[in-house]
Amino acid sequence: MTVIGLGAQDTYQEALDFVEAYGTKSFRMLYDESFESWDVLGIRGQPIAILFDTEGRGQTTWYGPFDETEVLEQAASL
């Protein structure tokens, strides 16, 4: 499983500060100041989590806080 964080709402420096403050070194963080990725993915706010299959198709979307166990169960079923 690959986890990717996507930042867009803040400045690039704020995104760097977030990575530093929360130690998000266990997964890749991407930054998109254009919000084009949000348009493509249908994101309208955060937090949001999208589980993609191996073909890159979104299978499940969670809006707001989400249960880690549910995410892992869904991922295991793919």
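These are my notebook entries on a predicted model of one chain.

**Ground rules.** I number residues from 1 along each chain as its sequence is written, and I leave out hydrogens and water, so that side-chain values use heavy atoms.

**Overall fold.** I looked up the secondary structure and found three helices and four strands in the chain, where helices (H or I, at least four residues) and strands (E, at least two) are DSSP runs numbered from the N terminus. Read along the sequence, these elements follow the pattern β-α-β-α-β-β-α. I noted that the C-alpha atoms fill a box of roughly 35 × 25 × 20 Å along the principal axes.

Of the contacts with a separation of 6 or more, 36% are accounted for by residues 24 or more positions apart, a contact being heavy atoms within 4.5 Å.

**Charges.** I counted Lys and Arg as positive and Asp and Glu as negative, without His and the chain ends, and I placed each charge at NZ of Lys, CZ of Arg, CG of Asp or CD of Glu. On that basis the chain has 4 positive and 14 negative side chains, and the centres of the two sets lie 6 Å apart.

**Salt bridge.** How many salt bridges does the structure hold? I found one, taking a salt bridge as a side-chain nitrogen of Lys or Arg within 4 Å of a carboxyl oxygen of Asp or Glu. Arg57 pairs with Asp53, and their closest N and O atoms are 3.0 Å apart. I class Arg57 as partly exposed because its relative accessible area is 49%, whereas Asp53, at 13%, is buried.

**Surface patches.** For patches I used residues with over 30% relative accessible area and no salt bridge, joining like charges within 9 Å and nonpolar side chains (Val, Leu, Ile, Met, Phe, Trp, Tyr) within 5 Å. Asp10, Glu14, Asp17 and Glu20 form a negative patch. Glu20 lies in helix H1, residues 12-22, and counts as exposed because its relative accessibility is 60%. A nonpolar patch is formed by Met1, Val3 and Leu72, which together have about 320 Å² of accessible area. Leu72 sits in helix H3, residues 68-76, and is partly exposed at 44%.

**Arg44.** I located Arg44 in the loop between helix H2 (36-41) and strand S3 (48-52), and Arg44 is exposed, with 65% relative accessible area. Not counting residues up to four places away in sequence, Arg44 touches Trp38 and Asp39.

**Glu70.** Is Glu70 buried or partly exposed? Glu70, which is found in helix H3, counts as partly exposed because its relative accessibility is 33%. I also noted 27 Å between the C-alpha atoms of Glu70 and Ala15, which are 55 residues apart along the chain.

Notes: This is a predicted model: local features need pLDDT of at least 70, side-chain atom pairs count only at pLDDT 80 or more; totals for chains, interfaces and linings use all residues. Accessible areas come from the Shrake-Rupley method with a 1.4 Å probe; for residues, only the protein chains shown count as cover. Buried means under 20% relative accessible area, exposed over 50%, partly exposed in between (1.4 Å probe, protein chains only).
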